[in-house]
Amino acid sequence: MGKVKKEEKDQTLPKSLTGIQGLDEITNGGLPKGRPTLICGSAGCGKTLFGMEFLVRGARMYKEPGVFISFEESVKDLAVNVASLGFDLDDLVKNKKMVIDYVQIDRSEIEESGEFNLEGLFIRLAAAIDSIGAKRIVIDTIEPLFGGIPNQVILRSELHRLFCWLKDKGITAIITAERGNKSLTSQGLEEYVSDCVIVLDNRIIDQKSTRRLRIVKYRGSVHGTNEFPFLINENGISVLPITSLSLNSIVSNDRISSGIPALDDMLEGKGYYRGSTVLVSGTAGSGKTSIAAHFADAACKRGERVLVFCYEESPSQIKRNMLSIGINLELWEEKELLLFHATRPTLYGLDMHLSVTQKSVIDFKPHIVIFDPINTFSVGNNDIDINKMLISLVDFLKMKHVTTLFTALTGSGGASGHSSVSGSYMVDTWLFLRDIEIGDERNRTMYIIKSRGMANSNQVREFILTDKGVDLRDVYTGPSGVLTGSARLAREAEEKADELLIKEDGERKQLVLERKRKALEAQIESIRIEFEAEELVAANELIIEQNKIMRLKQDRFEMSKSRKAGSSVTQKTLNGKKTSKRGSHETIS
């Protein structure tokens with residue numbers, strides 16, 4: 001429904017894209033097409049450059065030729081002034097994409113004649129427009145044109161005629177004007193006859209120059225109403241929507257390692273969500289940069305690009321310090337996977353930092369961006385501005401699907417001691433490092449305050465820096481609470497001694513039982529051998545007895561046999577007759 005309404009609005013009010021970075025976003029499509037727009041501001045705020053970039057980008061990007069009418073700077077000066085931005089005016093003029101006309105106003109002639117009208121200017125403008133079929137025009141500025149007219153009635157009349165003439169021509173126009181003392185312009189009339197009024201401002205805050213842009217009115221169209229900072233650099237004008245315009249970034253379900261296995265375990269064993277924002281806050285010296293270095297090292301090992309913005313230490317100092325915990329960042333820098341961007345926060349204003357960050361991200365196209373630390377921007381009472389900048393940064397990086405890690409210095413006192421510019425409310429995962437003092441020593445601990453979209457550990461882990469990197473010790477909870485440092489080591493030593501005593505006592509008991517078992521087995525073996533010997537003797541005696549019995553039987557048989565044989569012989573011998581044997585009885589015949 002909202003999209004349909006937007007399309008209907010766009011149809012009712014055609015617009016001309018400016019091509020100026022950020023401006024078309026806050027104007028919802030550019031300047032009103034075929035209507036005049038007033039750009040007003042003090043000297044040096046960028047009015048001329050604004051108009052020139054509108055024409056150059058219109059000719060290059062949208063094939064809309066333009067006319068630039070200058071009342072202050074010559075054609076040669078204009079060409080030289082914008083050449084540093086890559087605008088080749090001579091080439092555009094040569095290819096009939098632009099007409100640049102310098103009109104010199106002699107106030108003495110106006111004062112002497114006492115008459116003034118814009119007929120001559122209209123003819124000159126019409127000729128220039130028709131010569132190239134211009135769709136755009138810039139008049140810079142109108143003060144020299146109307147500055148010599150003492151009669152306010154004539155001035156107002158001619159001023160109104162100029163705007164109406166431009167509108168009748170159906171050409172998209174920009175008219176620049178100087179700021180007045182109590183009004184937007186010196187005459188106080190231009191803003192009323194213009195369909196769109198944009199004010200440029202160049203103010204000094206904390207000795208830093210900051211340019212701001214504000215859309216005062218835009219007939220027939222919605223527009224951003226805030227003050228938006230804008231920059232002028234080698235790419236021209238960049239308008240920065242400092243406040244977030246939408247929350248429609250697409251999230252990822254992919255998980256990436258923090259570079260510390262124990263920390264990954266505290267985050268469901270999978271690490272951070274890709275494209276999320278992580279805040280590591282803690283007291284000074286608690287190891288924030290070391291955690292960030294682990295994250296960068298792990299990303300580079302995966303072949304991903306990492307962009308590090310450091311605001312306290314130089315890259316060489318960071319690389320040297322990280323070598324002490326076994327992380328070689330220089331290796332990844334040589335492979336062009338790691339890029340440092342080191343500046344002092346005081347080098348320029350927040351707007352420039354924001355612009356530099358966005359430009360660096362666009363150029364390097366990193367997967368990971370690290371800011372170390374962010375609270376160094378805090379000077380005086382600018383926390384609100386810093387938080388706005390962080391919101392803009394987070395939105396920009398999330399739209400780019402870049403995983404971001406911020407570090408922030410906090411005071412003591414636990415999580416409540418975090419700085420007001422920590423940005424904790426907008427990050428997805430918040431790790432808090434804290435120093436604790438137990439037994440006359442200082443120890444580091446770490447815990448997770450929040451991690452959106454995942455179950456996370458609620459443990460307070462002891463945080464140790466070793467020559468092999470960060471080590472998160474397992475939780476040790478004794479009778480008196482969580483122990484760290486030497487207290488933990490002493491308690492662990494006591495437990496190990498107790499375990500050793502228990503083990504030795506068990507081994508002694510086992511040895512006694514073993515001896516008893518062997519003695520019993522030896523006794524059983526002796527009895528068995530004695531039994532077998534007796535069994536053998538008994539068996540031999542039994543055999544002897546059996547043999548005796550057999551012998552007796554045999555003897556008895558032999559004896560019986562011999563007795564029968566003796567009796568027959570005796571009988572035969574006595575009778576001298578043949579005998580016959582009948583059974584056991586013998587018959588004598």
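**Notebook: core and sheet**

I started at L472, which touches I260, A262, L263, M266, M446, R461, E462 and F463, leaving aside residues up to four places away in sequence. A reminder to myself: this is a predicted model.

Next I looked up where L472 belongs. In the largest nonpolar core, which has 40 residues, L472 is one of the four that touch the most other members, along with L263, V306 and L329.

I traced nine strands in an open sheet with mixed pairing, ordered β5-β4-β6-β7-β3-β8-β9-β10-β11. I noted an average twist of 20° from one strand to the next.

I picked one pair to read closely. Strands β3 (residues 36–41) and β8 (residues 196–205) run parallel, paired over five bridges. Here I found G41 opposite L200 in β8.

Last, I checked two helices that pack on the sheet. Helix α3 (residues 47–61) touches β3, β4 (66–70), β5, β6 (136–140), β7 (172–178), β8, β9 (208–218), β10 (227–233) and β11. Its direction makes about 165° with that of β6. Helix α15 (residues 350–364) packs there too, touching β9 and β10. For α15 I noted an angle of about 65° between its direction and that of β10.

Key:
Residues are numbered from 1 along each chain as its sequence is written. This is a predicted model: local features need pLDDT of at least 70, side-chain atom pairs count only at pLDDT 80 or more; totals for chains, interfaces and linings use all residues. Side-chain values use heavy atoms; hydrogens and water are left out. Two strands pair if DSSP finds at least two bridges between them. Helices (H or I, at least four residues) and strands (E, at least two) are DSSP runs, numbered from the N terminus. Axes are lines fitted to C-alpha atoms, for helices over the stretch in contact, and angles run from 0 to 180 degrees between N-to-C directions. Contact means heavy atoms within 4.5 Å. A nonpolar core is a set of buried Ala, Val, Leu, Ile, Met, Phe, Trp, Tyr and Cys residues joined through side-chain atoms within 4.5 Å. Buried means under 20% relative accessible area, exposed over 50%, partly exposed in between (1.4 Å probe, protein chains only).
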